[in-house]
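Please look at the sequence and structure first.

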Amino acid sequence: MALFEARGIHKRFGHQVVLENIDLSFEAGRLSGIMGPNGAGKTTCFNVLTGAFKPDRGRVIFDGEDITGRSPDAIARKGISRSFQTMSLFDEYTALENVLIALPEVRGRGFNMIEPLAMDGEAADRAAAVLSRVGLSGREHRRAGDLAYGERRALEIAVALAAGPRLLFLDEPTSGLGAEATARLADLVLDLKRDYSIVVIEHDMRFLFGLADTISVIHWGQVIAGGTPDELRGNKWVQRSMLADLGGSP
Amino acid sequence: MGARPSAASAWISGEMVCLFAVMATLPLWIEAAGLYQYLGIEIAIWMIYGLGFNLLLGYSGLPSFGHGAFFGIGAYVFGLFQAWAFESLLLGIALATVAAFAAGAVVACFLSHRRGIYFALMTIAFGQVFWFIAIKWHTVTGGEDGLLNIPRPALELGVASLPLGSNVALFYFVLLVFAVVVVALWRLVHSPFGKVLQAVRQNEERARFVGYNVWRFKWAVFSLSAAVAGLAGSLFSMAQQSAYPDVMSLHASGVIVMMTLIGGGFVSFWGPVVGVAVYFLARDVLGAVTETWLLWFGLVFVVSVLFKPEGIAGVWQERVSGVLRLRFADAPLRSGRTGDVSIVGPEHGETKDAIGQSPSGR
Ligand SMILES: Nc1ncnc2c1ncn2[C@@H]1O[C@H](COP(=O)(O)OP(=O)(O)OP(=O)(O)O)[C@@H](O)[C@H]1O
Ligand SMILES: [Mg+2]
């Protein structure tokens, strides 16, 4: 059985149907990709899967447990982490503090009102190790708000990684990055793939086709195709939507 | 990289020592400065109140405009306990604090899911409810007149009993409580709990997605802040030897907001302490010159909010460190090793052109 499954997900905003009968399944130890044009419903899909929105219909199952409609924090505590397409950081905190606050051991004593967090050298080491993994060594004490764009992108992943998640959702991690930074990010994701089960939304075809074990294509709120990169390359739907996408994007 | 902060520095800071030292000498020179002993008590009490309030406003970003309610509850409960049960200083204070905590906890159940303006409006509404009860429930609260002749019970230390009847004696007792509150809150804001509160203020959504039940944290900090207000209120009823509805009014609740903001509660732990001192000095020094001192103080407040929302502490920090850096900055932590995979290249100039080719140009 798959680590994570979404079955028959529907989601509408007012009269606009954004997700229609979405079925997805993500295997442990794999890198699953989701692609699709602007406004296809990819982020909304993540939002439903990670608890930001309740689906109007359908089930979300993680490791055999029904987590449909659970709150984001409850889902996060089950071992599901996510990053955000539009970065979502603690801007006044340093890079290290951003990761520190996301460590499960710190979360576990979130109601400790006495021991200063700064005294906990072990947690700080662990946070620093996470930062080093995404290439942010030397930036530990920079305010997140003061980091360069590419660094913020890396920190966005580090905060999600801090939990040591059983499943990691990444929403367009290359968004806004240049070609070179995208290539470096691909290296990072490849490195993470050794230790984590990952689901990544990505616009960049080359990026995704190079990394993913399986890919699902979402268009108009539906999964229109799915399979390994090789299987998908021949798919007419995919070719057409990709052409349309490439032609249509700014 | 800086060393790990020492155990001692986690309990007490240089600023604390200076502040306590200055305040401890207050009774020696306050009269020579043309002021009076009672002022010291008042200032210390409101500093306690302000520090607790700033846990909510500055650290958690939750604006409460009805906090006077909890201050008032502390005052009434202290007075009622002395009248109905027996005279006891510490028991009265403890009970007042617990009562304010309980009231805060109930109110927080309704508030914790609200955000922004709705949160603020609800605090006003609840504040008014408590104020109304204080005025109308004559048999218990004494209505508009309030509770009169609240005693100042002596401090029983087993072997000795220290009377707190004189203003100087009461001042030192309040100062002791103040010191305990300062140290406790200092620990709290640097604890994981305090760090989570600040994370929630900065980005509630992300805090939720890294696994924090934000509702619980808001509930807890509101209740705690109410408890500190109640503690201050109990001391106030002793100082005034009475408890009256005025401290629960919208106006009184507004004053604590004003003090906290002027002092710089958004950028410094000490903001409310500074703000309270400035307010009372303005009241007594400006007030001696002009009847309309509050107008001038209000104007200063408006100007401060418009041009320097970081308050006096913000101005100070800029002077000292050049620019406003980390809010509530911690001593730097130890840091780790060298990186392996890096997506952060040497050239960060790619950002601009990259955004141009962003796939999702929304
Ligand atoms: N909270 C919301 N309320 C109303 N409509 C929404 C909401 N979130 C998303 N939508 C709409 O749902 C549709 C899908 O948006 P979504 O962000 O999921 O697309 P996407 O596939 O992630 O696109 P992109 O590639 O641009 O990130 C869009 O038309 C969007 O306007
Ligand atoms: Mg999206």
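Is Asn21(A) buried, exposed or partly exposed? Asn21(A) is partly exposed, with 14 other C-beta atoms within 10 Å. Buried takes 20 or more other C-beta atoms within 10 Å of the residue's own, exposed 12 or fewer, and partly exposed lies in between, with C-beta atoms placed from the backbone.

This is a predicted model, in which local features need pLDDT of at least 70, side-chain atom pairs count only at pLDDT 80 or more, and totals for chains, interfaces and linings use all residues. Residues are numbered from 1 along each chain as its sequence is written, while chains are lettered from A and ligands numbered from 1 in the order written.

Helices (H or I, at least four residues) and strands (E, at least two) are DSSP runs, numbered from the N terminus.

Now the packing. Helix 3 (residues 37–59) and helix 11 (residues 214–240) of chain B pack at about 170 degrees, axes 8 Å apart. Helix 3 of chain B is therefore roughly antiparallel to helix 11 of chain B (an angle over 145 degrees). Axes are fitted to C-alpha atoms over the stretch in contact, and angles run from 0 to 180 degrees between N-to-C directions.

The contact has 18 nonpolar, 2 polar and 1 charged residues. Helix 3 of chain B brings residues including Glu42(B), Tyr49(B) and Gly52(B). Helix 11 of chain B brings, among them, Phe222(B), Ser225(B) and Phe236(B). Contact means C-beta atoms, placed from the backbone, within 7 Å. Ala, Val, Leu, Ile, Met, Phe, Trp, Tyr, Cys and Pro count as nonpolar, Asp, Glu, Lys and Arg as charged, and the others, Gly among them, as polar.

Conventions. Angles under 35 degrees count as roughly parallel, over 145 as roughly antiparallel, 65 to 115 as roughly perpendicular and the rest as oblique. Two residues are in contact if their C-beta atoms, placed from the backbone, lie within 7 Å.
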